[in-house]
Amino acid sequence: MAIDVKIEVRNLYKIFGPQPKKAMAMLEQGLEKEAIFEKTETTVGVQDASFEIYSGEIFVIMGLSGSGKSTMVRMLNRLIEPTAGQVLIDGEDIIAMSDDQLVKLRRAKLSMVFQSFALMPHMTVLQNAAFGLEMDGIDKSTREKRALQALEQVGLEAWAESRPDELSGGMQQRVGLARGLAVDPDVLLMDEAFSALDPLIRTEMQDELLKLQAKAKRTIVFISHDLDEAMRIGDRIAIMEGGRVVQVGTPEEILQDPADDYVRAFFRGVDPTNILTAGDIATVKQTTIVITEGKNPRAALQRLIKDDRDFGYVLDSERIFKGIISADSLRELIDDSAREQLIQNAFIDDVMSANSSDSMQDILPEVASHPWALPILSDSGEYLGAVSKNLFLRTLHRDQPEDQPVTEQLSNGAV
Amino acid sequence: MRIFNFDEQLIPLDEWIQTFVDWLVLNYREFFQIIKVPVEISLEGLEWLFFTLPPWLIIVAFAYAAWRYAGKRVTVFTVLTFFLIGYLGLWEDTMTTLAMVICSVVFCAVTGIPLGILAGRSDRFEMFMRPFLDAMQTTPAFVYLIPVVMLFSIGTVSGILATIVFALPPIIRLTSLGIRQVHPELIEAALAFGATPWQVLRKVQFPLALPSIMAGLNQTIMMALSMVVIAALIGAGGLGNPVVQGLNTLEIGLATIGGLSIVLLAMVLDRITQGIGQK
Ligand SMILES: Nc1ncnc2c1ncn2[C@@H]1O[C@H](COP(=O)(O)OP(=O)(O)OP(=O)(O)O)[C@@H](O)[C@H]1O
Ligand SMILES: [Mg+2]
């Protein structure tokens, strides 16, 4: 499936303050954000950001306070005018657009949900939900019908005639969400939309968003400073530090291969067993033996001895997993000449396998209870690799160097 | 030292101004007489209205407004005030004053609200306006009464113009304040949903600034009433007349009933407009 790029950001800069040109020149000379601020009182909000947002994904931008997240998202609809660079939406550079074109683009494709809700206090819930449609000049009865549908999606149709200040925070943000959905946007920008809500409501809203997203695939750009939130809802995550985008990737990619210490620090304390799946960590370091018609057990045993392995993974010519053999089981078969000398007869009993989408937590019991590495299969039964105890533990302790002996910890009850 | 020689006037600003006003009067009096026309027409219309309508209808109208916007107590107070004024023999003066005040306030509103909106949306315009507003509010009315009379001649219209100068600043200031108080995130939200600057003003800034604008209007009405006596000095008529007359002839009683009526009328208008502002 070809990836469809919805938004492309190219070398985007935002510099706040009196001397943006000078600050740009200083950035080119390689000066840091702090040094530039001291010399010119000019703040680098975003520097040299380039990334792509795909159609239909939830793209989370994450970073500490002041890292430039809000500035970034506001440049995507030009609420903030970039100092340099391009933002392409469906291939059109919005930075080059006239005011008229920009207004049309915002009406046609974009909407936004705000951290502080930003509901109009002088309007009813229904009028708020219909706001974008009203700006677009859609007649009253049509827009109220659509706004009511949007309110139904967030479960607030009964409150249509209330004022926003009569609602709780969570409900107000549902109205904010309904306002964003009512215009049926291609792209929904959400700046810390759930950050002001208490944790329980927040999780509820995240679920709600995922549910809505499952029904109608929109492109969502979601700003967050909360890693759990990012991991939960993000298809991909961009991590910002001091105005720079330091890494972009799926949560798994970033977790497994953090670009630098800043990113690593972000992910410290995250329980990887929730996020990483068996498929993410499986490796094909184990010896695999492809059975071609009537493969000789002796040859298999020799392979194991040569590779210095206790276990071998048997696949057919399509790489479909068949079973596990061990040096012992092979020897037993070879010694017993009464049995037919077929490799299948040396398969170890009660071998389990796991699906690549199982979480690390799911596979833990299997990994821990057998001496062999747990085979991980695709949905069609194809062998993708195996997860050994060693590998499992190394993933848990990814801050430790690889060569540390971690197997001992297993017997000490570290799992 | 020469620098500190303050015994003689080095800068004859007074003469310059004198010359300037004389020059204005000589060359542009016609122009200023034309400016008068819209004010004159509106005033005549209002006066005609207040003098042709029977007093009971005027009382009913004010009482209805009071009842609608300000509650029962203000309604009772309004009715009592109008009866008292009538029995004091000041009904006609009161109608003249009402016409004048309403006329000045309408002109203040139609110029002041747009200026206030501009000032609210532009820091530079606000900075530019501020010294003028300060001057309009603090310059003693007597200073500009004479040039006003010279340019517009004596009478009610001149009184209204002087009143406008004095009563205009609060509505400009409070409109600007109201616009500025609108939370920036609301404006961001409106823009994010594709609002044009005009839509931002009409759908967000103006409605949210409305309470502040109404407070400005209320202030403007109060200030216009406070100019009634000064306007009477240049022949404007109305409730200022008994006061000025009383002071001139030392008839304390006459001056007092004039003053009392002004105060009562001010209270009625204040309560009603405040009520409207809060709705
Ligand atoms: N209007 C502005 N004028 C000057 N500096 C600004 C302005 N807006 C943002 N900044 C600066 O730009 C930098 C990035 O700000 P931004 O609001 O984008 O950060 P953020 O990642 O959204 O932070 P938070 O999590 O606190 O919302 C900060 O250093 C901030 O002080
Ligand atoms: Mg922010």
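In the predicted model, strands E9 (residues 236–241) and E10 (residues 244–249) of chain A pair in the antiparallel sense, and five bridges connect them. Within this pairing, A:Ile237 has A:Gly249 of E10(A) as its bridge partner. The two strands form a hairpin with two residues between them. In the turn, A:Gly242 adopts a positive phi of about 50°.

A further element of chain A is an open sheet of three strands, arranged in the order E14-E15-E16 with mixed pairing. Its edges are formed by strand E14 (354–355) and strand E16 (383–387), each of which pairs on one side only. The pairing of E14(A) with strand E15 (residues 374–377) of chain A is parallel and comprises two bridges.

For the side chain of A:Thr71, the distance from a ligand oxygen to an N or O atom is 2.5 Å. The corresponding value for the side chain of A:Ser70 is 2.7 Å, and that for the side chain of A:Glu192 is 3.3 Å. The protein covers 60% of the accessible area of ligand 1, which amounts to 630 Å² for the ligand on its own.

With regard to the packing of nonpolar residues, the largest nonpolar core comprises 110 residues. Within this core, A:Leu177, A:Met190 and A:Phe267 touch the most other members. Helix H8 (residues 169–182) of chain A gives the most to the core, providing six residues. Another core, of 71 residues, lies apart from the largest one. Its members include B:Cys103, B:Ala109, B:Ile160 and B:Ala209. In soluble globular proteins, nonpolar side chains tend to be buried together.

Note on methods. Residues are numbered from 1 along each chain as its sequence is written. Chains are lettered from A and ligands numbered from 1 in the order in which they are written. This is a predicted model: local features need pLDDT of at least 70, side-chain atom pairs count only at pLDDT 80 or more; totals for chains, interfaces and linings use all residues. Side-chain values use heavy atoms; hydrogens and water are left out. A polar contact is a pair of N or O atoms within 3.5 Å; within protein, one must be able to donate a hydrogen and the other to accept it, and residues adjacent in sequence count only if both atoms are side-chain atoms. Accessible areas come from the Shrake-Rupley method with a 1.4 Å probe; for residues, only the protein chains shown count as cover. A nonpolar core is a set of buried Ala, Val, Leu, Ile, Met, Phe, Trp, Tyr and Cys residues joined through side-chain atoms within 4.5 Å. Buried means under 20% relative accessible area, exposed over 50%, partly exposed in between (1.4 Å probe, protein chains only). Helices (H or I, at least four residues) and strands (E, at least two) are DSSP runs, numbered from the N terminus. Two strands pair if DSSP finds at least two bridges between them.
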